[in-house]
Amino acid sequence: MSRSLLSITELGETGLRRMLDTSDHMAEVNRRPNPKVPALRGKTVCNVFFEDSTRTRLSFETAAKRLSADTMNFSVSQSSLNKGESLRDTVETIAAMGVDAFVIRHGSSGAPWQIGEWTSISVINAGDGWHAHPTQALLDMYTVRTALNRPISVDGGSFDGLRVAMVGDIKHSRVARSTTEAFKLLGANVTWVSPKTLLPPVHDESVVANLDEVIEDVDVLYLLRMQNERMSEALVPHLREYTARFGLTPERAARIGRHVLVMHPGPMNRGVEMAVDPGELPGSVINQQVTNGINVRMAVLFELLGSGSENSLTGNTES
Amino acid sequence: MNTPSDVGKQVLGPDDVRRAITRMAHEIIERNRGTADLALVGIQTGGVWVVEALAAEMLRIEAAENCGANPIVVGSVDASLYRDDIGMRPVSPGSVSDLTFTVEGVTVVLVDDVLYTGRTVRAAIDAIGDYGRPKAVQLAAIVDRGHRELPIRPDFVGKNLPTSAEESVSVTPNGVTITQGTDT
């Protein structure tokens, strides 16, 4: 397994399945009264967030602490980047302090790859521009696998026949890209539900332009965050019109089956894409997504930092 | 894996393994004066089948002696998050730990197929401690092959088997086999 997690593409299907298996171990740890194990004692994880984030940063920090790693938080607003230090110098400075992993969120697509080339430290992509958000995809897969009790592991199992609708702003969404890719790797059928103005220019997904067309034929309804900026960019005429065509309204909520999982990566725009109280939807797994975020991020940290090469330890490692 | 040098030497047959398990079951019951407040916990992954075999045997013995017996409490523990060689070799978690009973105040018999360096047992004892404070922890292994690297000794042993560090030992219900070459 690679020492970095940059995208679902690079992780691949086997890596994805392995992460889900390891997440089961972490979920068991998190069910205990004292959810902490000594696995990553002595390791230091540095969160480097160039964009705002609540859940991802806290989730990574919690995950690292539950594995007994030390954590450092770097926020751009209080850093020497404001004095004109370059990104490369900043990264190399932190690396020189003896860090084992960078968790990076950056507004520019590809930033984690660039940072990975400057340093030999493990790099975990916590979201880069419109491009990728692999740990979100992992937690989404883990949530669906757990909620539907599908036996997916490195030994087999799949989402064959699972119908997924991803609804909203696909073009600007790294979540849509990574999560769609992960669903397809595991065999699910993904349909994008989006206005033409919010679709990427090149893609090979099936697309419908109105939520009503698919709402009665899905098993997973994945709502994406509709950002207010998109209205000022004139990509949507009005948020109310967006809600009318793509939002989960009480009228649509009444039409979805009780088995349908409703997901959202957060933060949620209540009254826009989510025009009902998700707490009243029988299939809402939005809180489980947050909980599972800690499980999968612990798995990612353990797989990347807890793993050594085949030959670094000689001798038999049995009991 | 099936080159001639990999073909192992069988040192115990299926009947030997079965008899060893029967004897260990008797010893565990004798030492603990029954099976109350006792739990068998297999170390993932090799100890899991041994726990099942021991529990079945202990239940049979207790039922024969007492005209009916309570089920034997069993569980399993994955020690991979507690190992002291994390970061030094590929990680290979077994199945997820399954400790659904209350550990507090119970005598836990840790069970593994092979006892070797003792490092996995050390990790498993730490793992158990995170679930509660057992009254005592005892250790059972079908094969003790020596080469301990920690002050850990078994309470119940099926067979003491002198080996060299260049050999590996495999234990199944079908017997015990020694193979040249270490496994990782």
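Angles under 35 degrees count as roughly parallel, over 145 as roughly antiparallel, 65 to 115 as roughly perpendicular and the rest as oblique. The structure discussed here is a predicted model.

**Helix packing in chain A**

Helix α2 (residues 55-66) of chain A packs against helix α10 (residues 286-305) of chain A at an angle of about 55°, and their axes lie 8 Å apart. α2(A) and α10(A) are therefore oblique to each other. Their crossing is right-handed. On the α2(A) side, the contact is made by R55(A), T56(A), S59(A), F60(A), T62(A), A63(A), A64(A) and R66(A); α10(A) contributes V290(A), G293(A), I294(A), R297(A), M298(A) and L301(A). Divided by class, this contact has 7 nonpolar, 4 polar and 3 charged residues.

**The sheet of chain B and its helices**

In chain B, 5 strands form an open sheet with parallel pairing, in the order β3-β2-β4-β5-β6.

Strand β2 (residues 38-43) of chain B pairs with β3(B) in the parallel sense over 5 bridges. Within this region, A39(B) has V73(B) of β3(B) as its bridge partner.

| Helix | Strands of chain B | Angle |
|---|---|---|
| α1(B), residues 14-32 | lies across β2, β4 (107-115), β5 (136-144) and β6 | about 150° to β6(B) |
| α2(B), residues 47-66 | touches β2, β3, β4 and β5 | about 150° with β2(B) |

Methods:
Residues numbered from 1 in each chain as written. Chains lettered and ligands numbered in written order. Predicted model: local features only at pLDDT ≥ 70, side-chain atom pairs only at ≥ 80, totals over all residues. Heavy atoms only, no water. Axes fitted to C-alpha atoms, helices over the stretch in contact; angles between N-to-C directions. Helix = DSSP H or I, 4+ residues; strand = E, 2+ residues; numbered from the N terminus. Left-handed = near helix turned anticlockwise from the far one by under 90°. Contact = heavy atoms within 4.5 Å. Nonpolar A, V, L, I, M, F, W, Y, C, P; charged D, E, K, R; others polar. Pairing = 2+ DSSP bridges.
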